[in-house]
Amino acid sequence: MPEPDFDEGAISATGAGGVGQGAIAPTGTSGPMDLAISEGATLERTPGGPEGTGPAGKPRSLWGDAWRDLRRNPVFIISGLIILFLVVISLWPSLIASGNPLKCDLSKAQLGSRPGHPFGYDGQGCDVYTRTVYGARTSVTVGVCTTLGVALIGSFLGGLAGFFGGGWDALLSRITDIFFGIPVVLGGLVFLSVITSTTVWPVIGFMILLGWPQIARIARGSVITAKQNDYVQAARALGASNSRMLLRHITPNAVAPVIVVATIALGTYISLEATLSYLGVGLKPPSVSWGIDISAASQYIRNAPHMLLWPAGALAVTVLAFIMLGDAVRDALDPKLR
């Protein structure tokens, strides 16, 4: 009986511990088995792992993919830098404007650009540059607070309606229909005209009152879609409570559309505050607001256009930045666009 043909290199590679990787490589054959094993070893050494996985072969999440796409999106970078600048000057306006926005000199009314006053003066002799910088605080405060209030109330009510359905869902749907039938500007004229406060909180409260139904409908539809997934049905079959399914399984997978709509709506709320202030029912002097300055400058547009152009330009750039940010977030969180 002939002796088997052993490879001495293979035997020496095993050592005392048994068969090792060297027992496969030096055999001298190049069959399919050796090729498959070689490719498997290569995959194990690859940091990124197969497609659809992250480092060390871990599955990639929607949020991880979204953040990776956002970092490569120039629209997100540009809008993010603009918004970061607005937030900084809203918190510390004295960093770039050392003057007092309420200090006016009638002898300088409607004057153009001067050294130290690049935007000129308004009809009351106030520095337009200082008022434009301080007006960012009002707009950012109104936009952020309104968005947070609308998102929290709308997500809570819409999520409950979508999850439980039945009479609660029908009631919420009819209530949202009523609010959708109220014109925003007309409602602001009626609601805010009887309020004498000069702070931003009545304006924020009014916009939250009329803004939450939109987020509620988005959250309702997203929850209805998410609760039909197999993992939610499996959790229900295993005896998971309603609160656990909502917080652990449904909310993380249904919150993306709410974030997108709320981000885009933030710019809309800023422009709505300026519109109401322009009409005289939003913020009132001595508050500093772009809408107030635009309203005061509209009658001097021919003689002193600088009074209108600077606050209107700041308002347009701010609204555009938030809308661009919302579009970038929408593209990153939409799986259909991948």
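Modeller: Buried means under 20% relative accessible area, exposed means over 50%, and partly exposed lies in between (1.4 Å probe, protein chains only). This is a predicted model, in which local features need pLDDT of at least 70, side-chain atom pairs count only at pLDDT 80 or more, and totals for chains, interfaces and linings use all residues. Residues are numbered from 1 along each chain as its sequence is written, and side-chain values use heavy atoms, with hydrogens and water left out.

Biologist: Is Phe-76 buried or exposed?

Modeller: The relative accessible area of Phe-76 is 18%. Buried means under 20%. Phe-76 is therefore buried.

Biologist: At what angle do the ring planes of Trp-67 and Phe-76 lie?

Modeller: Rings of Phe, Tyr and Trp (its six-membered ring) pair if their centres lie within 6.5 Å; planes under 30 degrees apart count as stacked, over 60 as edge-to-face and the rest as tilted. The structure holds six aromatic pairs. In one of them, Trp-67 and Phe-76 have ring centres 6.2 Å apart, and the pair is edge-to-face because the planes lie at 90°.

Biologist: Which residues form the disulfide, and how far apart are their sulfur atoms?

Modeller: A disulfide is counted here as a pair of cysteine sulfur atoms within 2.5 Å. A search of the whole structure finds one. Cys-104 and Cys-126 form this disulfide, with a sulfur separation of 1.6 Å.

Biologist: Why is the disulfide of Cys-104 and Cys-126 assigned a handedness, and which is it?

Modeller: The assignment rests on the torsion about the S-S bond of Cys-104 and Cys-126. That torsion is about 55°, so the disulfide is right-handed.
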